[in-house]
Amino acid sequence: IVLAPDSRSELTWDLVLGQYGPDVEFLQDAFRQTMARCSIDRQRLTVAGHSDGASYSLSFGIGAGDVFGHVIAMSPGVLSPVAARGKPKIFISHGVNDTTMPIDDTSRKFVPRLKGLGYDVTYREYEGGHGAPAPIVHEAFEWLQR
């Protein structure tokens with residue numbers, strides 16, 4: 001089951017704009033509705049995203065690590081959890097030539113920080129820019145299945 005919401009803003013997710021707000025409320029409501037309608041294995045709940053969605057997934061997923069056991073963040077630009085709960089497993093990927101979210105300012109700083117805090121992080125750099133190539137996306141889903 002995939003729940004794929006968009007941000008409430010036309011620009012991006014509220015956290016990327018500075019703080020949590022209507023996106024969290026919308027996500028919580030969408031999540032409650034999905035849980036009420038579908039049989040969900042709570043042990044396999046994952047939050048994932050790309051770009052600003054990856055920033056949101058990474059920050060939100062760490063803050064709700066007692067709910068989400070896994071986080072997939074492809075080319076994140078921000079790491080700003082309000083609090084840390086639980087220890088979700090984390091998959092981060094990033095292109096070495098990403099000019100939108102430069103890797104030296106983002107993932108290459110986030111990964112050591114997260115590992116230092118005791119998170120189980122799988123990290124993949126790839127040749128290319130901001131969009132994750134199909135083999136990296138495939139690897140993220142294989143990682144999730146293990």
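## Nonpolar cores

A nonpolar core is a set of buried Ala, Val, Leu, Ile, Met, Phe, Trp, Tyr and Cys residues joined through side-chain atoms within 4.5 Å. The structure discussed here is a predicted model. Its largest nonpolar core has 25 residues. The residues with the most contacts inside this core are Tyr-56, Leu-58, Ile-62, Ile-90, Ile-92, Leu-114 and Val-121. At least two core residues come from each of α1, α2, β2 (70-74), β3 (89-95), α3 (107-116) and β4 (121-126). Helix α2 supplies the largest share, five residues.

Leaving aside residues up to four places away in sequence, Leu-58 touches Val-71, Ala-73, Pro-76, Leu-79, Ile-90, Ile-92, Phe-110 and Leu-114. There is also a second, separate core of six residues, among them Phe-91, Ala-140, Trp-143 and Leu-144.

## Helix α1

Helix α1 covers residues 22-37, 16 residues in total. The distance from its first C-alpha to its last is 23 Å, close to the 22 Å expected at 1.5 Å a residue. Its buried residues are Asp-23, Val-24, Leu-27, Ala-30, Thr-34 and Met-35. They lie on the same side of α1, because the arc they cover around the axis is only 135°.

Helix α2 (52-63) is part of what covers these buried residues. On the face turned away from the buried side, α1 carries the exposed residues Glu-25, Arg-32, Ala-36 and Arg-37.

## Helix α4

Helix α4 has twelve residues, which at 1.5 Å a residue should span 16 Å. The end C-alpha atoms are 17 Å apart, in agreement with that value. Ile-136, Glu-139, Ala-140, Trp-143 and Leu-144 are the buried residues of α4. Viewed down the helix axis they fall within an arc of 140°, so they line one face of α4.

The cover over the buried residues of α4 includes the strands β1 (46-50), β2, β3 and β4. The face turned away from the buried side carries the exposed residues Ala-134, Pro-135 and Gln-145.

## Salt bridges

Side chains of opposite charge can pair when their charged atoms come close. Four salt bridges are found in the whole structure. One of them joins Glu-139 and Arg-124, with the closest N and O atoms 2.5 Å apart. Glu-139 belongs to helix α4 (residues 134-145) and Arg-124 to strand β4, so this pair ties together parts that are 15 residues apart in sequence. Glu-139 has a relative accessible area of 19%, and it counts as buried because the cut-off is under 20%. Arg-124 is partly exposed, at 32%.

Asp-104 and Arg-108 form another salt bridge through their side chains, at 2.7 Å from N to O. Asp-104 is partly exposed, with a relative accessible area of 45%, and Arg-108 is partly exposed at 35%. Salt bridges with shared partners link Asp-104, Arg-108 and Glu-125 into one network. The side chains of Asp-6 and Arg-8 also meet in a salt bridge, at 2.5 Å from N to O. Here Asp-6 is partly exposed, with a relative accessible area of 47%, and Arg-8 is partly exposed at 39%.

Technical notes:
Residues numbered from 1 in each chain as written. Predicted model: local features only at pLDDT ≥ 70, side-chain atom pairs only at ≥ 80, totals over all residues. Heavy atoms only, no water. Helix = DSSP H or I, 4+ residues; strand = E, 2+ residues; numbered from the N terminus. Expected span 1.5 Å × (residues − 1). Buried < 20%, exposed > 50% of the residue type's maximum accessible area, 1.4 Å probe, protein only. Arc of directions from axis to C-beta. Contact = heavy atoms within 4.5 Å.
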